[in-house]
2 protein chains.
Amino acid sequence: MKRVVILGSTGSIGRQALEVIRQLPDRFKVVGLAAGKHWQLLAGQIREFRPDAVVLEREQELNNLRDELVWSGIPDLAWGRSGLENLAMLPQADIVLVAVTGALGIYPTIAAISAGKDVALANKETLVAAGHLVIELAAQKKSALLPVDSEHSAIWQCLNGQERGAVEKIILTASGGPFRNFSKEQLDNVTVDMALSHPNWQMGNKITIDSATLMNKGLEIIEAKWLFGVSYEQIEVVIHPQSIIHSAVEFSDGSVIAQMGQPDMRLPIQYALTYPERLPGCCSRLKLTRLQGLTFEEPDIERFPSLKLAFEAGKTGGTLPAVLNAANEVAVNSFLKKRIPFQAIPFIVGEVMEKHLTTKQPGLEEIMEADSWARETGAALIRTL
Amino acid sequence: MKRVVILGSTGSIGRQALEVIRQLPDRFKVVGLAAGKHWQLLAGQIREFRPDAVVLEREQELNNLRDELVWSGIPDLAWGRSGLENLAMLPQADIVLVAVTGALGIYPTIAAISAGKDVALANKETLVAAGHLVIELAAQKKSALLPVDSEHSAIWQCLNGQERGAVEKIILTASGGPFRNFSKEQLDNVTVDMALSHPNWQMGNKITIDSATLMNKGLEIIEAKWLFGVSYEQIEVVIHPQSIIHSAVEFSDGSVIAQMGQPDMRLPIQYALTYPERLPGCCSRLKLTRLQGLTFEEPDIERFPSLKLAFEAGKTGGTLPAVLNAANEVAVNSFLKKRIPFQAIPFIVGEVMEKHLTTKQPGLEEIMEADSWARETGAALIRTL
């Protein structure tokens with residue numbers, strides 16, 4: 001029986017994690033849940049899973065939740081960043097699923113690792129902005145970092161039992177998003193609704209836009225670098241529109257091991273939670289003979305410059321990946337609010353990166369300062385557009 | 001430094017194994033070579049690799065070889081089945097590559113295992129006819145059975161570090177051969193030359209015909225059953241015309257791990273020889289974005305009944321798989337000599353199987369008797385056609 005804390009339980013990953021747990025009731029006990037503002041959805045989760053402790057982002061929603069729960073038993077309640085960090089360190093927890101979005105996910109991740117918990121990591125920003133700190137801390141605390149992204153889960157599965165020194169290349173697949181075949185001119189006229197219709201995956205809004213710009217793959221390059229200890233030269237992005245091969249590893253002898261499956265986030269979530277075991281679960285089965293065929297293309301960094309920006313930020317390192325990520329968050333939010341056009345997203349990220357004076361080997365404080373600076377600089381730039 | 005014996009060094013697998021070894025001179029020392037009749041080619045191999053001992057099938061060619069070698073140093077020479085068995089037990093050998101074709105490969109395989117050698121197994125007949133004996137003996141002698149077939153090597157690589165109990169299904173891929181899209185009528189008019197033109201793989205004649213009838217895949221089903229300890233219900237054959245995914249494993253959580261590569265036999269040969277290491281070698285690299293696309297189809301057992309016959313033989317077990325194999329060998333030889341049409345191959349195999357009274361749990365002698373009986377019965381049947 002693994003005792004699980006889920007940070008971000010009302011988001012897409014959090015809800016799917018609870019689906020996985022619902023199918024495996026004798027394997028998991030939910031001991032903690034945290035959400036942002038969706039206290040009503042959280043109330044339902046509390047009634048079903050009976051966690052010991054619950055956290056919301058603000059006091060106001062926490063009060064609403066307390067009133068709502070009065071008839072059905074109240075767990076320990078807390079709010080804000082310190083509440084989240086304490087929940088990540090909950091003594092009775094074995095594993096913490098970090099599925100909150102945004103750079104704030106760094107704090108509870110570091111808290112969980114510091115407390116020696118295993119961390120199933122769905123928050124991209126943690127490794128993008130603070131990879132060097134987090135990987136070092138996890139090694140020191142002997143805390144396992146279990147990837148939840150389908151791509152990183154795939155690579156991790158492909159590396160199982162293989163000789164790490166024989167890894168030649170990591171092949172990160174990307175669906176290419178809904179605009180894979182759009183010309184530059186067509187990309188000028190992309191609307192929010194168009195960008196929110198991903199061909200293969202049902203995901204949150206921010207990550208869906210990131211998939212459309214390929215920034216999602218850019219962030220994953222940086223994550224892969226830290227998770228698997230490879231150089232950026234060893235990471236190749238391949239467009240694979242069907243999202244059946246979730247990623248692959250090429251070895252020194254020319255053999256390629258790939259992980260395949262239906263595009264279903266419950267599979268990597270379940271694997272991270274059940275690892276090192278595999279269990280029958282809720283995931284749909286792949287039937288190769290029902291597929292229309294699998295195709296592969298080179299990514300076009302002219303039309304999708306986010307990928308180039310991410311490689312640049314990763315190779316430079318220091319505070320620059322945090323800046324890339326923060327500027328992108330600001331730009332995506334402005335796009336979702338229809339304040340800037342689609343093509344302005346990578347433009348803003350590139351401009352903010354260019355203005356940044358990178359600090360090498362930054363501590364957490366310097367990273368968060370760079371993050372704030374990038375948000376402000378990005379926002380100021382957006383106002384001038 | 002691994003000391004290697006190669007049985008069948010002048011055949012397709014044997015020559016490619018020597019290519020692999022040539023690229024990795026500080027890793028391998030060839031201590032023994034055996035061939036059938038090609039003593040001149042063998043003489044060249046002896047001059048290059050300087051083995052301690054050499055075996056040919058018959059005394060006559062051995063004498064020719066002795067005369068030829070007089071100027072360049074002579075290793076220990078022997079001939080025939082006992083020569084082959086002694087070579088397989090050569091004290092200084094670490095690993096024996098069994099790449100002789102036909103049911104006779106069983107004897108040196110058993111000899112090598114009995115002597116505690118690791119065996120890289122390219123001879124299909126050994127596991128098809130005597131799987132239950134060979135697997136038990138290998139477990140008892142703690143001798144590793146390393147698959148050399150590209151499909152079984154793929155499955156073995158996919159299983160590396162994975163939980164065996166979580167294996168749901170083994171997905172054996174098949175190119176479908178040159179007649180994949182032929183109608184029954186077109187199959188009636190297949191010539192030897194047509195059948196010897198395999199679309200993806202360069203192989204010996206017997207296995208190329210077996211690929212065209214799909215009997216090759218049938219034999220591989222039986223091998224997979226023994227090598228990986230699965231039931232026949234857990235083995236699925238999928239036609240994959242491009243031969244890029246060499247096979248795959250589906251796990252209980254729905255995850256599929258696949259091994260991919262260029263169709264190049266040197267890759268599985270090298271992996272069997274270097275295992276558990278992977279080394280840079282002579283194998284060509286897979287470039288996903290240069291592929292035209294990967295497709296998958298269900299096999300058609302109406303047009304390719306060999307697959308059904310193999311499943312039947314495997315499920316019945318006992319002496320029947322040996323009979324399937326021997327009848328097929330006789331029929332393929334007759335086809336290669338243009339004595340019978342292509343479609344008669346599975347017909348003869350099916351007829352001989354039907355006449356056979358299966359012995360359950362046979363010993364080696366009963367297996368070889370069944371093999372001889374099937375050859376005679378098949379030959380007699382061919383004379384009546």
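Guide: Let's start with a definition. Patches are made of residues with over 30% relative accessible area and no salt bridge, where like charges are joined within 9 Å and nonpolar side chains (Val, Leu, Ile, Met, Phe, Trp, Tyr) within 5 Å. Accessible areas come from the Shrake-Rupley method with a 1.4 Å probe, and for residues only the protein chains shown count as cover. A salt bridge, in turn, is a side-chain nitrogen of Lys or Arg within 4 Å of a carboxyl oxygen of Asp or Glu.

Before we go on, some ground rules. This is a predicted model, in which local features need pLDDT of at least 70 and side-chain atom pairs count only at pLDDT 80 or more, while totals for chains, interfaces and linings use all residues. Residues are numbered from 1 along each chain as its sequence is written, chains are lettered from A and ligands numbered from 1 in the order in which they are written, and side-chain values use heavy atoms, leaving out hydrogens and water.

For the complex, the ipTM is 0.95 and the pTM 0.96.

Now the surface stop. Val70(A), Trp71(A) and Ile74(A) make up a nonpolar patch there, with about 400 Å² of accessible area together. You'll find Trp71(A) in the loop between α3 (59–69) and β4 (76–79) of chain A; helices (H or I, at least four residues) and strands (E, at least two) are DSSP runs, numbered from the N terminus. Trp71(A) has a relative accessible area of 82%, so it counts as exposed (exposed is over 50%, buried under 20%, partly exposed in between, with a 1.4 Å probe and protein chains only).

On to the meeting place. On chain A, 44 residues are in contact (heavy atoms within 4.5 Å) with 44 residues of chain B. The two chains bury about 3800 Å² between them, 51% of it on carbon and sulfur atoms; buried area is the accessible area (1.4 Å probe) that two parts lose on being put together, summed over both. Asp253(A), Arg278(A) and Phe296(A) supply 19% of what chain A buries against chain B, more than any other three residues.

Eight salt bridges cross this interface. In one, Asp253(A) pairs with Arg278(B), at 2.9 Å from N to O. Glu236(A) also reaches Lys287(B), with the closest N and O atoms 3.4 Å apart. That pair runs from strand β9 (residues 235–239) of chain A to the loop between α12 (266–274) and α13 (306–316) of chain B. Glu236(A) is buried at 17% relative accessibility, while Lys287(B) is partly exposed at 25%.

Over all chains, the search finds 50 salt bridges. One of them joins Glu19(A) to Arg266(A), with 3.0 Å between the closest N and O atoms. Glu19(A) sits in helix α1 (residues 12–23) and Arg266(A) in helix α12 (residues 266–274), so this pair links distant parts of chain A, 247 residues apart. Here Glu19(A) is partly exposed at 29%, and Arg266(A) is buried at 19%.
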